[in-house]
Amino acid sequence: KLAATAHQPLPTMTSAAVYLQPLDGTQQVDIDANKAVVVGRDTIGVKEKKMSRKQAEFRYDSASHTLTVRRLGMNAVKLYGRDSSDGVELKKDVAVTLLGGNELSLCGNNFKYRVVMPAAPPLTSAPPPPPPSSTTCTC
C-alpha cells in the first residue's frame, strides 16, 4: 500500500533566507541579513514612473528574526491581511514588522509580493520532564 504524501512546492532559486516572492511577474527581491535593502522601480525592473526609485526599505534583523518595511516613496505601499482585501496603506517613514506569508504591494495595488522567511526559533527551550518517580513497597 502506498502512503499519501503532501505536494511540496518547488524550491526557489535563491541563496537568501529572506526574500520577496513576486506575485505578478516582477523580479524577486533578496533581503540580506542586517542590511538595508532599498526597493524601487530600478530594483525590480519596471518602468512605472509612479513608483519611486526608492519606494521602500526592508531590513531583516537576524538576531531577532524580524523583517521590517519602511515606505520611502510618495505612492502607497500596502500590506494585505485576512481582514483587508484592499490593503492597509503604510505611512511614510514608519517601520512596520512583517511576517512570513504577508503580502504587500509597492505602488498602490501594483507590484505585489509575498514575504518568504524562515520561522523564528523558539524563544526558550523547556527543560526535559523529570523521570517518572517509582515507589517501592516495603510491606
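A: **Confidence, then the core**

The protein has a mean pLDDT of 82, and 73% of its residues reach 70 or more; pLDDT is the predictor's confidence in each residue, on a scale from 0 to 100. This is a predicted model, in which local features need pLDDT of at least 70 and side-chain atom pairs count only at pLDDT 80 or more, while totals for chains, interfaces and linings use all residues. Residues are numbered from 1 along each chain as its sequence is written, and side-chain values use heavy atoms, with hydrogens and water left out.

Among the elements, E4 has the highest mean pLDDT (97) and strand E7 (residues 84–89) the lowest (80). Helices (H or I, at least four residues) and strands (E, at least two) are DSSP runs, numbered from the N terminus. Over residues 1–14, pLDDT stays under 50, and the model has six contacts beyond four places in sequence for that stretch; a contact means heavy atoms within 4.5 Å. Where pLDDT is low, the predicted coordinates should not be read in detail.

Now to the part you asked about. The largest nonpolar core has 25 residues, and those with the most contacts inside it are Ile-31, Ile-44, Phe-58, Leu-67 and Leu-106. Such a core is a set of buried Ala, Val, Leu, Ile, Met, Phe, Trp, Tyr and Cys residues joined through side-chain atoms within 4.5 Å. Buried means under 20% relative accessible area, exposed over 50%, and partly exposed in between (1.4 Å probe, protein chains only). At least two residues of this core come from each of strands E1 (18–22), E2 (29–31), E3 (36–39), E4 (56–61), E5 (66–71), E9 (103–107) and E10 (110–116). In soluble globular proteins, nonpolar side chains tend to be buried together.

Beyond its neighbours within four places in sequence, Leu-106 is in contact with Val-39, Ile-44, Met-51, Gln-55, Ala-56, Phe-58, Ala-76, Val-77, Phe-111 and Tyr-113.

Gln-55 sits in the loop between helix H1 (41–44) and E4, and it counts as buried because its relative accessible area is 0%. The Gln-55 side chain reaches the backbone nitrogen of Ser-52 at 3.0 Å. Leaving aside residues within four places in sequence, the contacts of Gln-55 include Val-39, Gly-40, Arg-70, Leu-72, Ala-76, Leu-106 and Cys-107.

Next comes Phe-111, which lies in strand E10 and counts as buried because its relative accessibility is 13%. Phe-111 has a positive phi of about 55° although it is not a glycine. Most residues other than glycine have a negative phi, and most peptide bonds are trans. His-65, in the loop between E4 and E5, also has a positive phi of about 55° without being a glycine. His-65 counts as partly exposed because its relative accessible area is 28%.

Four strands form an open sheet in the order E3-E4-E5-E8, with antiparallel pairing; two strands pair if DSSP finds at least two bridges between them. Its edge strands are E3 and E8 (95–98), each pairing on one side only.

The covered face of E3 holds Val-37 and Val-39, and the uncovered one Ala-36 and Val-38. In a regular strand the side chains alternate between the two faces of the sheet.

Apart from residues within four places in sequence, Thr-66 is in contact with Arg-59, Tyr-60, Asp-61 and Thr-97.

To finish, look at the loop between E1 and E2, where Leu-23 is found. Leu-23 counts as partly exposed because its relative accessibility is 36%. Not counting residues up to four places away in sequence, Leu-23 touches Glu-103, Lys-112, Tyr-113 and Arg-114. Leu-23 and Lys-112 are 89 residues apart in sequence, with 5.4 Å from C-alpha to C-alpha.

Notes
A polar contact is a pair of N or O atoms within 3.5 Å; within protein, one must be able to donate a hydrogen and the other to accept it, and residues adjacent in sequence count only if both atoms are side-chain atoms.
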